[in-house]
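User: I have a structure open here and would like to go through it with you. Could you take my questions one at a time?
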Amino acid sequence: MGKTSDLTAVQKTIIDTLHKEGKTQKVIAKEAGCSQSSVSKHINRQAKGRKKCGRKKCTSSRDNRTLQRIVTTNPFKNVGEIHKEWTAAGVSASRTTTRRLMKDMGFRCRIPCVKPLLNKKQRKKRLAWAKDKKDWTDAEWSKVMFSDESKFCISFGNQGPRVWRKSGEAQNPRCMRSSVKFPPSVMVWGAISSAGVGPLCFLRSRVNAAVYQEVLEHFMLPAADQLYGDADFTFQQDLAPAHSAKTTSTWFKDHGIPVLDWPANSPDLNPIENLWGIVKRRMQYARPNNAEELKMTIRATWALITPEQCHRLIESMPRRITAVIEAKGAPTKY
C-alpha cells in the first residue's frame with residue numbers, strides 16, 4: 001500500500017466521501033485500497049480549523065501596539081534602546097523578538113534623508129518665491145543657468161559597497177577597504193542648463209568674493225557661451241556670503257548678467273543638487289588613491305552627463321515649486 005503522497009485522485013475522493021458518511025478509517029482504508037495511516041493523514045490534512053503548530057507567542061496585541069508607539073515616537077533610536085524601553089514597560093521579550101516584530105510591522109533601518117532647517121521667516125519667503133514663480137513655463141526655466149558647489153571625498157563614509165566573503169576572510173586584504181581619518185577631498189563648482197553641463201572648476205582655497213568672481217570670469221562665462229551662445233540667460237546662485245557680496249553684485253551688473261532671486265536654504269529647489277547626487281552614486285565603486293585621481297574621476301563622470309538628463313531636471317522646476325506651495329514653504333522631498 002502506498003504512502004499519503006502516492007494516493008490517487010480517485011482514492012482521495014473515496015476517502016473524503018466515506019469520511020463524510022461517518023465510516024471508520026479501517027473501512028475507508030479497505031475500500032480505498034490503501035493503508036489506514038494514509039487515510040488518517042489525508043483526513044487530518046483536510047481538516048479545517050486546526051490550531052497552528054509552534055510555540056505560543058510571547059507578546060500580546062497590546063504589547064505590539066506599545067512597541068509600535070515607541071518606534072513611531074522615537075524613530076532615531078537603535079534596536080537596543082527600543083528593546084530596553086519596551087521591556088521597561090513590562091514586556092518580557094528578547095532583543096531578537098523586538099527586531100523581528102519591528103520588521104513584521106514594516107519598519108526598516110534606513111539612512112535618513114537630510115533636509116535644511118528652516119525658520120518661520122525663511123519658510124514664508126520660500127512660499128512667496130514659489131507663488132511668484134508658479135506660472136513660469138519650461139521655456140522660461142530653460143533660460144536659467146543653475147550653479148552650485150559640492151564636496152567630493154575619496155571615502156564616501158559607510159555608504160560604500162559591501163563585500164562578499166567567506167568565514168575567516170575578514171582580515172584578508174582582498175576583502176578589506178582602506179580607511180583614513182581625514183580623507184582627501186575636493187570642492188567643485190559646476191553649472192547646468194537644459195542644454196547640458198558646463199566646465200567644472202576645482203576650488204583650491206576657501207571661497208571668498210574675490211575667488212568666486214575669478215570662478216565666474218574663467219568658468220561661468222565660458223559655460224554661458226557653450227550652453228547659450230549669444231542668447232540671453234539668467235544666472236542662479238544660492239545666498240552664500242561670497243555670492244551675495246556687494247562686489248559680486250557689482251561684477252554681475254558690469255557684465256550685464258541678470259541674477260535670479262533665490263530663497264535661503266533651498267537646495268531642494270536647485271536641480272543641480274540632484275545632478276551632484278547622480279555623479280556621486282556613479283562614483284561609489286571608483287577607487288581613487290589621491291586627490292588628483294579623484295578629480296580625474298569626477299571629470300570623467302561629469303562628462304557622461306547627457307543634455308537629456310539636464311533637460312529632465314530643469315523640467316522638474318514646476319513640480320518643485322508646486323511641492324513647496326503645498327508644503328507651505330517647508331522642505332520638500334526634492
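User: How many aromatic pairs does a search of the whole structure find?
Analyst: The search finds ten aromatic pairs, where rings of Phe, Tyr and Trp (its six-membered ring) pair if their centres lie within 6.5 Å, and planes under 30 degrees apart count as stacked, over 60 as edge-to-face and the rest as tilted. One of them is Trp129 with Trp141, a tilted pair at 6.3 Å centre to centre with 50 degrees between the planes. This pair links distant parts of the chain, since Trp129 is in helix α7 (residues 120-133) and Trp141 in helix α8 (residues 138-141), twelve residues apart; helices (H or I, at least four residues) and strands (E, at least two) are DSSP runs, numbered from the N terminus.
Analyst: Before we go on, please note that this is a predicted model, in which local features need pLDDT of at least 70 and side-chain atom pairs count only at pLDDT 80 or more, while totals for chains, interfaces and linings use all residues. Residues are numbered from 1 along each chain as its sequence is written, and side-chain values use heavy atoms, with hydrogens and water left out.
User: Are Trp129 and Trp141 buried or exposed?
Analyst: Both Trp129 and Trp141 are buried, where buried means under 20% relative accessible area, exposed over 50% and partly exposed in between, with a 1.4 Å probe and protein chains only. Trp129 and Trp141 also belong to one aromatic cluster with Trp136, Phe146 and Trp262.
User: And what kind of pair do Phe152 and Trp276 form?
Analyst: Phe152 and Trp276 form an edge-to-face pair, because their ring centres are 5.8 Å apart and their planes stand at 75 degrees. Here too the pair links distant parts of the chain, with Phe152 in strand β1 and Trp276 in helix α12 (residues 271-282), 124 residues apart. Phe152 is buried at a relative accessible area of 0%, and Trp276 is buried at 2%.
User: What lies over the face of Phe152?
Analyst: Lys280 does, at 4.9 Å from the ring centre; a charge sits over a ring if NZ of Lys or CZ of Arg is within 6 Å of the ring centre and within 35 degrees of the ring normal.
User: Staying with β1, how many of its ten residues are buried?
Analyst: Nine of the ten residues of β1 (residues 144-153) are buried, so the strand is largely enclosed by the rest of the structure.
User: Which strands does β1 pair with?
Analyst: β1 pairs with strand β2 (residues 185-193) in the antiparallel sense over eight bridges, and with strand β5 (residues 234-235) in the parallel sense over two bridges, given that two strands pair if DSSP finds at least two bridges between them. Glu149 stands opposite Trp189 in β2, while Val144 stands opposite Thr234 in β5.
User: Changing topic, which residues of α14 are buried?
Analyst: In helix α14 (residues 307-315), the buried residues are Gln309, Cys310, Leu313 and Ile314. They cover an arc of only 135 degrees around the axis, which puts them on the same side of α14; the arc is that of the directions from the helix axis to the C-beta atoms. On the other side of α14, Glu308 and Arg312 are exposed.
User: What covers the buried residues of α14?
Analyst: The cover includes α8, β1, β2, β3 (196-197), α12 and α15 (317-326), where contact means heavy atoms within 4.5 Å.
User: Last one, what does Thr297 touch?
Analyst: Leaving out residues up to four places away in sequence, Thr297 touches Met283, Ala286 and Pro288. Thr297 is in helix α13 (residues 291-303) and is buried, with a relative accessible area of 18%.
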